[in-house]
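Dear colleague,

I am passing a structure on to you, together with an account of what was found in it. Please look through the sequence and the structure before reading the notes below.

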Amino acid sequence: MQSELARQLDRTYRFQRHLYDVTRKYYLLGRDQVIDDLAPPPGGRVLEIGCGTARNLIRAFRRYPDARLFGIDLSREMLATARRKLAGAGLAPRIPLAEADATSFDPKALFGEALFERIFFAYSLSMIPPWEAALAHAVTHLAPGGALHIVDFGTGASLPRVANRGLRAWLAKFHVTPRDDLEAALTRFAAGHGAALSVRDLWHGYAVKAVLTRA
Ligand SMILES: C[S@@+](CC[C@H](N)C(=O)[O-])C[C@H]1O[C@@H](n2cnc3c(N)ncnc32)[C@H](O)[C@@H]1O
């Protein structure tokens, strides 16, 4: 039985998923930087939460061919595109995917792995209403010394006010809300877990990139 959020995501992506990768490359900025930053240890387990069309996972596989990659997403429509793309790239057996909610997934049951050396969210926290719960859940699945990477829409604080207002109104049509409290929430999680944190604004706050590393 699908949740109301999952049904809403499927309505959003039913048609968009076919044009998703060609359109989003112009405004989901910073994703390739995050993939470059991941640098998992040899054989490291890497999980993308809200993997969409698997665009990032395929790129991560090419960058880190000996990493063990996994993806979850709540939208069956997105997962259908992701599975088709992985099959087309011959990677379906190498990158397991699962339909699951970011706030409650059980990776041991889904993939046989409880912990990951790297976990990343790329433009998915801004679509998850209980985004702090999703972050808290992700942190519990980080292996010791593991890192959580995030890229998403930023506060836009250094953008012209009218541009920032227009951007937010446009994003809202896609159920996307920049998480203005992201840095504050990450600071709390880092303190609570004895983790190191780095947060960087990109392109005048259009996007934000963060890494939380467990001790
Ligand atoms: C803007 S897309 C980004 C997709 C991919 N990360 C990328 O960079 O191309 C956000 C993704 O998050 C997924 N998502 C939203 N809420 C979710 C949730 N609660 N649990 C898991 N995935 C979710 C959506 O279905 C969608 O595929």
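The notes below take up helix contacts, aromatic pairs, backbone angles and a few individual residues in turn. Please bear in mind throughout that this is a predicted model.

Contacts between helices

Two helix pairs are described here. In the first, helix α3 (residues 31-38) packs against helix α4 (residues 55-63) at an angle of about 40 degrees, and their axes are 10 Å apart. The two helices, α3 and α4, are therefore oblique to each other. The crossing in which α3 passes α4 is right-handed. On the α3 side, the residues that meet α4 are Arg31, Asp32, Ile35 and Asp36, and their partners in α4 are Arg55, Asn56, Arg59, Ala60 and Arg63. Sorted by class, the residues of this contact of α3 with α4 comprise 6 charged, 2 nonpolar and 1 polar.

With a relative accessible area of 43%, Arg63 is partly exposed. Leaving aside residues up to four places away in sequence, Arg63 touches Ile35 and Asp36. Between Arg63 and Ile35 there are 28 residues of separation in sequence, and the C-alpha to C-alpha distance is 8.0 Å.

The second pair consists of helix α1 (residues 4-16) and helix α5 (residues 76-88), whose axes come within 7 Å and cross at roughly 40 degrees. That angle makes α1 oblique to α5. In this contact Asp10, Tyr13 and Arg14 of α1 meet Arg76, Glu77 and Met78 of α5. By class, the contact of α1 with α5 has 4 charged and 2 nonpolar residues, and no polar ones.

Aromatic pairs

A pair of aromatic rings is described by the distance of the centres and the angle of the planes. The count for this model comes to 6 aromatic pairs. One of them is formed by Tyr13 and Tyr20, which are edge-to-face, with 5.8 Å from centre to centre and 75 degrees between the planes. Both Tyr13 and Tyr20 are buried. Tyr13 is also one of the α1 residues that meet α5.

Another pair is made by Phe70 and Phe116. Their ring centres are 5.6 Å apart and their planes stand at 75 degrees, so this pair is edge-to-face, given that angles over 60 degrees count as such. The pair links distant parts of the chain, since Phe70 is in strand β2 (residues 68-73) and Phe116 is in strand β4 (residues 116-122), 46 residues apart. Phe70 and Phe116 are both buried. Together with Phe111, Phe70 and Phe116 form one aromatic cluster.

Residues with positive phi

Most residues other than glycine have a negative phi.

- Ala54 has a phi near 75 degrees, a positive value in a residue other than glycine. Ala54 is found in the loop between β1 (45-49) and α4. The relative accessible area of Ala54 is 0%, so this residue is buried.
- His204 has a phi near 55 degrees, likewise a positive value in a residue other than glycine. His204 is found in the loop between β6 (196-202) and β7 (207-213). The relative accessible area of His204 is 58%, so this residue is exposed.

Helix α7 (residues 131-139) has as its buried residues Trp131, Ala134, Leu135, His137, Ala138 and Val139. The elements that cover the buried residues of α7 include β1, β4, β5 (142-153) and α9 (182-193).

Val176 is placed in the loop between α8 (161-172) and α9. With 10% relative accessibility, Val176 counts as buried, because the limit for that class is under 20%. Not counting residues up to four places away in sequence, Val176 touches Ser126, Met127, Phe153 and Leu171. Of these, Phe153 is 23 residues from Val176 in sequence, and their C-alpha atoms are 9.0 Å apart in space.

With kind regards

Methods:
Residues are numbered from 1 along each chain as its sequence is written. This is a predicted model: local features need pLDDT of at least 70, side-chain atom pairs count only at pLDDT 80 or more; totals for chains, interfaces and linings use all residues. Side-chain values use heavy atoms; hydrogens and water are left out. Axes are lines fitted to C-alpha atoms, for helices over the stretch in contact, and angles run from 0 to 180 degrees between N-to-C directions. Helices (H or I, at least four residues) and strands (E, at least two) are DSSP runs, numbered from the N terminus. Angles under 35 degrees count as roughly parallel, over 145 as roughly antiparallel, 65 to 115 as roughly perpendicular and the rest as oblique. A crossing is left-handed if the near helix is turned anticlockwise from the far one by less than a right angle, and right-handed if clockwise. Contact means heavy atoms within 4.5 Å. Ala, Val, Leu, Ile, Met, Phe, Trp, Tyr, Cys and Pro count as nonpolar, Asp, Glu, Lys and Arg as charged, and the others, Gly among them, as polar. Rings of Phe, Tyr and Trp (its six-membered ring) pair if their centres lie within 6.5 Å; planes under 30 degrees apart count as stacked, over 60 as edge-to-face and the rest as tilted. Buried means under 20% relative accessible area, exposed over 50%, partly exposed in between (1.4 Å probe, protein chains only).
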